[in-house]
Amino acid sequence: MDAFLMPLIGGLLIGLTTAAYLLLTGKVVGISGILAQALFSKDRFLPFLFVIGLIIGGSAYGILVEPSQPFPEMRSPLILIISGLLVGYGTRLGSGCTSGHGVCGISRLSPRSLIATAVFMSTAIITVLLTK
Amino acid sequence: MYAIITFFTGLLFGLGLAISEMTNPSVVIGFLDIFGNWNPSLIFVMGGAVVIGMIGYIIRNRRTQPWLADKWYVPTRRDIDKNLILGAALFGIGWGLSGYCPGPGLTALTNNPMEGVYFVGALIAGSALFHFQNHRNNG
């Protein structure tokens, strides 16, 4: 299987899903925002359903198909906790993550999302450079 | 109806993440490792998603309202402020440390639960910290 075919199919599916959701409900798909709504908003039923769907969809395929690279062995809990805190706080402070800024925002050429994506890609690349 | 749409949007989005292997932090870190053993495959995820997303916005711009709602809820801010830059910078550091952004991190609860519980617990704590900090400042 072409190494780029599956990522392309996955990306097209993500694009179709976010475009259909936009045209049907008028909303963008931003996972960090939806998670915050599921936790803290008064109307948490729909965002909660979204998160459950996401977890089922994100796991179903992995059960059926062997990954091209193995999942990492259990890494240090401290690293995972620091990472989770930075991702959780940073995405709220910066109003979005890979989905909200990286996909939905770039799709409509939002200047905020273009800048945010350039910044988080840069700091992520530098972090990997320094930690590998 | 809304519940079904929302659930299936989450389901198909998660499936897209899994098919493209964004749910696997080894692949994500390989993608971010541009100065090392770079694995560029995830460019095609974002490329594919953005091309279809742009078509979605072209259709949106020709319509006065969504099919099932009375108005658009698309963010309209255009100002570049300190919070946007600082938040994105912190998020990128966290993403680079583990290879998990929020969506794939949530799927780690089932794909790699030993890691998922730590990451998602901290993800929720970080989100909660911002929420309560903000709440207090506004109140």
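How many helices and strands are there in chain A? There are six helices and zero strands in that chain. The legends below describe close-up views of a predicted model.

**Figure 1. Chain A as a helical chain in the predicted model.** Along the sequence, the elements of chain A follow the order α-α-α-α-α-α. The C-alpha trace of chain A covers about 40 × 35 × 30 Å along its principal axes. Chain A has 132 residues, 58% of which count as buried. Of the contacts in chain A between residues at least 6 apart in sequence, 43% join residues at least 24 apart.

**Figure 2. Confidence of the model and of chain B.** The model has an ipTM of 0.94 and a pTM of 0.94. For chain B the average pLDDT is 94, and 97% of the residues reach at least 70. Among the elements of chain B, the highest mean pLDDT, 98, belongs to α4(B), and the lowest, 91, to α6(B).

**Figure 3. The contact between chain A and chain B.** Chain B gives 104 residues to this contact and chain A gives 97 residues. On the chain B side, at least two residues each come from α1 (2-19), α2 (25-32), α3 (43-61), α4 (82-98), α5 (102-111) and α6 (113-138). The largest share of that side is the 17 residues from α1(B). By class, the side of chain B that touches chain A holds 66 nonpolar, 31 polar and seven charged residues.

**Figure 4. The largest nonpolar core and B:F119.** The largest nonpolar core is made up of 75 residues. Within this core, the residues with the most contacts are A:V51, A:F120, B:L42, B:F91 and B:F119. With residues up to four places away in sequence left out, B:F119 touches A:L80, A:S83 and A:G84 in chain A. In chain B, under that exclusion, B:F119 touches B:S98, B:Y100, B:G105 and B:A108.

**Figure 5. Helix α3 of chain B.** Buried residues of α3(B) are B:F44, B:V45, B:M46, B:G48, B:A49, B:V50, B:I52, B:G53 and B:G56. In chain A, α1 (5-25) and α5 (98-107) pack against these buried residues. B:Y57 is also in helix α3 of chain B. Is B:Y57 buried or partly exposed? B:Y57 is partly exposed because 18 other C-beta atoms lie within 10 Å, whereas a buried residue has 20 or more. Not counting residues up to four places away in sequence, B:Y57 touches A:S107 and A:R108.

Figure 6. A:T25 belongs to helix α1 of chain A. With 20 other C-beta atoms within 10 Å, A:T25 is buried, since the cut-off is 20 or more. Apart from neighbours within four places in sequence, A:T25 is in contact with B:I5, B:P66, B:L68 and B:A69.

**Figure 7. Helix α6 of chain A.** Helix α6 of chain A covers residues 111-131. At 1.5 Å a residue, its 21 residues should span 30 Å, and the end C-alpha atoms are 30 Å apart, which agrees. The buried residues of α6(A) include A:R112, A:S113, A:T117, A:T123 and A:T127. Also buried in α6(A) are A:A116, A:V119, A:F120, A:M121, A:A124 and A:V128. Among the elements that cover the buried residues of α6(A) are α5 of chain A and, from chain B, α2 and α4. A:F120 is also one of the residues with the most contacts inside the largest nonpolar core.

**Figure 8. Spans annotated as transmembrane region in UniProt.** For chain A, an unreviewed UniProt entry lists residues 6-24, 45-64, 76-93 and 114-131 under "transmembrane region". Residues 76-93 of chain A are 94% helix and 0% strand, with end C-alpha atoms 26 Å apart. Residues 114-131 of chain A are 100% helix and 0% strand, and their end C-alpha atoms lie 26 Å apart. For chain B, the "transmembrane region" annotation, also from an unreviewed UniProt entry, covers residues 42-59, 80-97 and 117-133. Residues 42-59 of chain B are 94% helix and 0% strand, with 26 Å between the end C-alpha atoms. The span 80-97 of chain B is 89% helix and 0% strand, and its end C-alpha atoms lie 26 Å apart.

Terms used
Residues are numbered from 1 along each chain as its sequence is written. Chains are lettered from A and ligands numbered from 1 in the order in which they are written. This is a predicted model: local features need pLDDT of at least 70, side-chain atom pairs count only at pLDDT 80 or more; totals for chains, interfaces and linings use all residues. Two residues are in contact if their C-beta atoms, placed from the backbone, lie within 7 Å. Helices (H or I, at least four residues) and strands (E, at least two) are DSSP runs, numbered from the N terminus. Ala, Val, Leu, Ile, Met, Phe, Trp, Tyr, Cys and Pro count as nonpolar, Asp, Glu, Lys and Arg as charged, and the others, Gly among them, as polar. A residue is buried if 20 or more other C-beta atoms lie within 10 Å of its own, exposed if 12 or fewer, and partly exposed in between; C-beta atoms are placed from the backbone. UniProt positions are given in the numbering used here, feature names are shortened, and annotations may be inferred rather than shown by experiment. A nonpolar core is a set of buried Ala, Val, Leu, Ile, Met, Phe, Trp, Tyr and Cys residues joined through C-beta atoms within 7 Å. pLDDT is the predictor's confidence in each residue, from 0 to 100. The expected span of a helix is 1.5 Å times one less than its number of residues.
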